[in-house]
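Here is a short briefing for a first look. Keep the structure in view as you read.

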Amino acid sequence: MRHMKKKINVRKLGHMVLMVRDIKKSVEFYTSVVGLEVSDWIEDKMVFLRAGSDHHDLALSQIPEDSPDRDDLPKYSRPGLEHFSYLVDSLEDMEAAAEMLQERGVEIVRGIGKHGPGANCFLVFKDPDGNNCEIYCDMIQVTEDSPHTPQVWERNIDAFDQWHFKRFVVPPPHQVVKDKQGK
């Protein structure tokens, strides 16, 4: 029997589900800070939120009160989510968001910067459970009229931030600077 190699024909990121400690606090964050809208709830245990016309692109699920791992924070030394991202219209919108996040005391992790691969601007901040939430704009669009040739980037500051931290609204993470300098 001959097996044909097939692949799934994906179109875009559909949605993500996050386990959260306090679903009401997280809904408040994602609606009043990030700007999502609530689509539906499953009792008080799960909520579906949206940024656009899809019913949901983010779902939050309540971690049980008696969960032994309830207070563990995300770790970057193990497999799992590093961040997820929402598109904003412009760099000016991103700058306004950074100011609003600072006014609200939301921890900003990195940015405003401009990645090499994709050439998108970025701003990363923490949600109530310590997850990295990113907003981005101005990403290269790959279309039939505007093709893209893949390249291999050196792991250095230019790949991470073409502006070399000059537009960061917080000091860049020490490990990022250490990893990217001198390369």
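Leaving aside its neighbours within four places in sequence, which residues is Arg110 in contact with? They are Glu82, His83, Phe122, Leu123, Val124, Asn132, Phe160, Phe168, Val170 and Pro173. The model is a predicted one.

**Arg110**
- Arg110 is found in strand 6, which covers residues 108-114.
- Arg110 has a relative accessible area of 11%. That is under 20%, so Arg110 counts as buried.
- The side chains of Arg110 and Glu82 are joined by a polar contact of 3.0 Å.

**Nonpolar cores**
- The largest nonpolar core has 31 residues.
- Tyr30, Leu58, Leu60, Phe84, Met94, Leu123 and Phe125 have the most contacts inside this core.
- Helix 2 (residues 91-104) gives the most to this core, with five residues.
- Phe84 touches Met16, Leu18, Tyr30, Leu58, Asn132, Cys133 and Glu134, if residues up to four places away in sequence are not counted.

**Cysteines**
- Zero disulfides turn up in a search of the whole structure.
- For Cys121, the nearest cysteine sulfur is that of Cys137, 4.2 Å away. A disulfide needs the two sulfur atoms within 2.5 Å, so Cys121 is in no disulfide.
- Cys137 is in no disulfide either, and the nearest cysteine sulfur to Cys137 is that of Cys121.
- Cys121 is buried, with a relative accessible area of 2%.
- Cys137 is buried too, and its relative accessible area is 0%.

- Four strands form an open sheet in the order 1-4-3-2, and their pairing is mixed.
- Strand 1 (16-20) and strand 2 (37-42) stand at the edges. Each has a single partner strand, so one side of each is left without a neighbour in the sheet.
- Neighbouring strands of this sheet are turned by 20° against each other on average, direction ignored.
- Strand 1 and strand 4 (residues 58-62) run parallel, joined by five bridges.
- Leu18 stands opposite Leu60 in strand 4.
- Helix 1 (residues 23-32) lies across strand 1, strand 2, strand 3 (46-50) and strand 4. Helix 1 runs at about 160° to strand 4.

Definitions and conventions:
Residues are numbered from 1 along each chain as its sequence is written. This is a predicted model: local features need pLDDT of at least 70, side-chain atom pairs count only at pLDDT 80 or more; totals for chains, interfaces and linings use all residues. Side-chain values use heavy atoms; hydrogens and water are left out. Two strands pair if DSSP finds at least two bridges between them. Helices (H or I, at least four residues) and strands (E, at least two) are DSSP runs, numbered from the N terminus. Axes are lines fitted to C-alpha atoms, for helices over the stretch in contact, and angles run from 0 to 180 degrees between N-to-C directions. Contact means heavy atoms within 4.5 Å. Buried means under 20% relative accessible area, exposed over 50%, partly exposed in between (1.4 Å probe, protein chains only). A polar contact is a pair of N or O atoms within 3.5 Å; within protein, one must be able to donate a hydrogen and the other to accept it, and residues adjacent in sequence count only if both atoms are side-chain atoms. A nonpolar core is a set of buried Ala, Val, Leu, Ile, Met, Phe, Trp, Tyr and Cys residues joined through side-chain atoms within 4.5 Å.
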